[in-house]
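Please consider the structure shown below.

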Amino acid sequence: MMWKLPSRVISNSIKPTFLSNGVWKSFHSYSFPLLNDTSIFGDLTKAPQNSTPQVQENSSVSQENETSPASTLPKDDEELKKYHLEAAERDQIAIEKFVTPLKRKLFDLNVATNGFYKNNQVVKDPETNKVYKLSLSNREIEILEPSIYLQSLRIKSSVKKATVVNRFVRGYNVKTAITQLHFNQKKMATELEKLLKEGLELARSKGYDDNKLYIQEVWSGSDGDTMRRPDVKGRGRVGVLHHRHIHVKAILKTEQTLNRLKWEKEQKELNSKPKMILNNEPLNFRVKSFYKW
Amino acid sequence: MSSFWNAIRFAHFKPLKNYPKINVNDVTLDRPALQKGPIRRKLISQEVTDSLFPATEITRLYKEAGKPIPRKFNTKSELISRRNFEFQQEAFRTGDAHFRLGEKNVYFPKARIVLLRPNAKHTPYQAKFLVPRNFNRLDLRDYLFHVYGLRALNVTVQLLHTKWTRNRHDYARFRGPQFKKMTIDMEEPFIWPEVPKELAEEAQTVRDNQIKVIEHNFKKGSDKKNKPKAFDGLYVRPKLADNFVPRSTRDKGAKELENFNRKSEEVENKKVLSQFLNL
């Protein structure tokens, strides 16, 4: 096998060069014919006339361009930030995506008048001057009240171990819970503390009062992909060792919820019938006018 | 128990108390072999050490001394090498190929020839290439001359052994690919430029960052949410506060909201239409 250029190209362009001592210099002085003079496609195409790049005479201009390159770090890139924010908003779980605006508006009016939500109350919309009686299901009230939903990352632990810690702080004020967890020596206490601190930050970003925030729910679940390996035992037997991973999730709620629950309890008590210690119903057996014995 | 084994490990070790004291300069590392038997005179053939055509030179010396020429040197084999030498010298003068050209024309070579960085054993007058396995040394010589105008004065071939590879769940090992490399001798020296330090560092950082991103792609469970911090936080998203909406309610609520939006849009459209028609 051999590689050969078209004969025309070779005859035109290969010009052996001599140094002063008569030695033919092969490599460095040898100009590559294809790049300079002719096109390898022969007469079909023409090589560009000014193929050699022209050096700019005004060197100061080029220097200025070199010294001020557009530094596009991600933190300075406004377009990228915008893109990320849009993506985050798309994934965000917000009430606006699931509840109609009218319902939200009436709920807010109710809260503005009472300080917290009272069900089955009449509210007047000042914009349209319409009067509504808003009665919501428990699920709807749960959603509409301000809340923070926290989800941890993957943690190397088990649900059994995490539940002990979760039960410890369930229902606590968040700041109290953080203090308690900080001095608890369990690994999951540290993990939960981190999660709650994140929750405080998020609450501040939403404009909630972080002093009044409390843990409404906290639970843990298996995070899947449990690694298994053999637990070799005596007498030819074998067991399975599980390497479990979990996540922790929590719901933080505000004072509004606490007040509502308290009020509802009061209402329930007020609406309940008075308790009778003695049974006032007729006897459902035959009553005779004499002693049996 | 381990402390016991540590203790007896040194039980039989007795360090030398007085090491012999010798000056480094007095030590001859490559000591010449001992002379055995009588010292003989050098042969005439041994006198020629630096010659392109030693046999011719030796023959001349023997003739001058009037001695019979050893059969070893009384050959015509050097005529061939002399002829080749002259052919090459002529080629260097005229700029032609310094070897006999092949007869098959290849206009668009598709072979991948990679110039490699030299090892410690190579001189600046040598260059090493990674070549396809179907290449022979004549191919490379021809290729380099016609594509780059580089004369390969000598070509040596190194066919590398294949590595055994064994994957995690394989029952057997298998061989990787074989690589062929060729080393040529050149007329003029060539030294690879040093890689700039900044460039190397940048390449390293890019690699580290890429590894982080790839690792993230293999994350499991909840860790998938945690975007990698590679490339100066290119992937990091702002953290927004979520409201708690149960999964079942989310689907139901989204549908409700869609219906509401559609209806309100219908109402708006009707209004516009009635205005347009003066109803």
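What follows describes chain A in some detail and then turns to chain B.

The model is a predicted one. Chain A has 293 residues, of which 31% are buried. Its secondary structure consists of 10 helices and 8 strands. Consider the contacts in chain A between residues at least 6 apart in sequence: 62% of these join residues at least 24 apart.

Strand E2, residues 121-125 of chain A, is joined to strand E3, residues 130-134 of chain A, by 5 bridges, and the two strands run antiparallel. One of the paired positions is Asp125(A), whose bridge partner in E3(A) is Lys130(A). Between E2(A) and E3(A) lie 4 residues, and the two strands form a hairpin. In the turn, Asn129(A) has a positive phi of about 60°.

Chain A also contains an open sheet. In general, strands of a sheet pair through backbone hydrogen bonds, and the pairing may be parallel or antiparallel. In the sheet of chain A, 3 strands are arranged in the order E4-E8-E5, with antiparallel pairing. Which strands stand at its edges? They are strand E4 (147-151) and strand E5 (214-222) of chain A, each of which pairs on one side only. From one strand to the next, the twist averages 15°. The pairing of E4(A) with strand E8, residues 246-253 of chain A, comprises 5 bridges and is antiparallel. Within this pairing, Ser147(A) has Lys253(A) of E8(A) as its bridge partner.

Helices pack on this sheet. Helix H7, residues 159-169 of chain A, touches E5 and E8 of chain A, and its direction makes about 175° with that of E5(A). Helix H9(A) also packs on the sheet, where it touches E4, E5 and E8 of chain A. The direction of H9(A) makes about 140° with that of E4(A).

The next matter is how the helices of chain A meet one another. The axes of H7(A) and H9(A) cross at roughly 55° and come within 9 Å. At that angle, H7(A) is oblique to H9(A). The crossing of H7(A) and H9(A) is right-handed. On the side of H7(A), the contact involves Lys161(A), Ala162(A), Val165(A), Asn166(A) and Val169(A), while H9(A) contributes Met188(A), Ala189(A) and Leu192(A). By class, the contact of H7(A) with H9(A) has 6 nonpolar, 1 polar and 1 charged residues.

Helix H8(A) also packs with H7(A): their axes are 10 Å apart, at an angle of about 135°. This angle makes H7(A) oblique to H8(A), and the crossing is right-handed. The residues in contact are Val165(A), Phe168(A) and Val169(A) of H7(A), together with Ala177(A), Gln180(A) and Leu181(A) of H8(A). By class, the contact of H7(A) with H8(A) has 5 nonpolar residues, 1 polar residue and no charged ones.

The contact of H8(A) with H9(A) has 8 nonpolar, 1 polar and 3 charged residues.

The description now passes to chain B. This chain has 279 residues, and 22% of them count as buried. Its secondary structure comes to 8 helices and 7 strands. Among contacts in chain B between residues at least 6 apart in sequence, those joining residues at least 24 apart amount to 51%.

Chain B has an open sheet of 4 strands in the order E2-E3-E7-E4, with antiparallel pairing. At the edges stand strand E2 (114-116) and strand E4 (154-159) of chain B; each has a single partner strand, so one side of each lacks a neighbour in the sheet. The twist in this sheet averages 30° from one strand to the next. Between E4(B) and strand E7, residues 180-185 of chain B, there are 6 bridges, and these strands run antiparallel. Among the paired residues, Gln158(B) has Lys181(B) of E7(B) as its bridge partner.

Definitions and conventions. Residues numbered from 1 in each chain as written. Chains lettered and ligands numbered in written order. Predicted model: local features only at pLDDT ≥ 70, side-chain atom pairs only at ≥ 80, totals over all residues. Heavy atoms only, no water. Nonpolar A, V, L, I, M, F, W, Y, C, P; charged D, E, K, R; others polar. Pairing = 2+ DSSP bridges. Buried < 20%, exposed > 50% of the residue type's maximum accessible area, 1.4 Å probe, protein only. Contact = heavy atoms within 4.5 Å. Axes fitted to C-alpha atoms, helices over the stretch in contact; angles between N-to-C directions. Parallel < 35°, antiparallel > 145°, perpendicular 65-115°, else oblique. Left-handed = near helix turned anticlockwise from the far one by under 90°.
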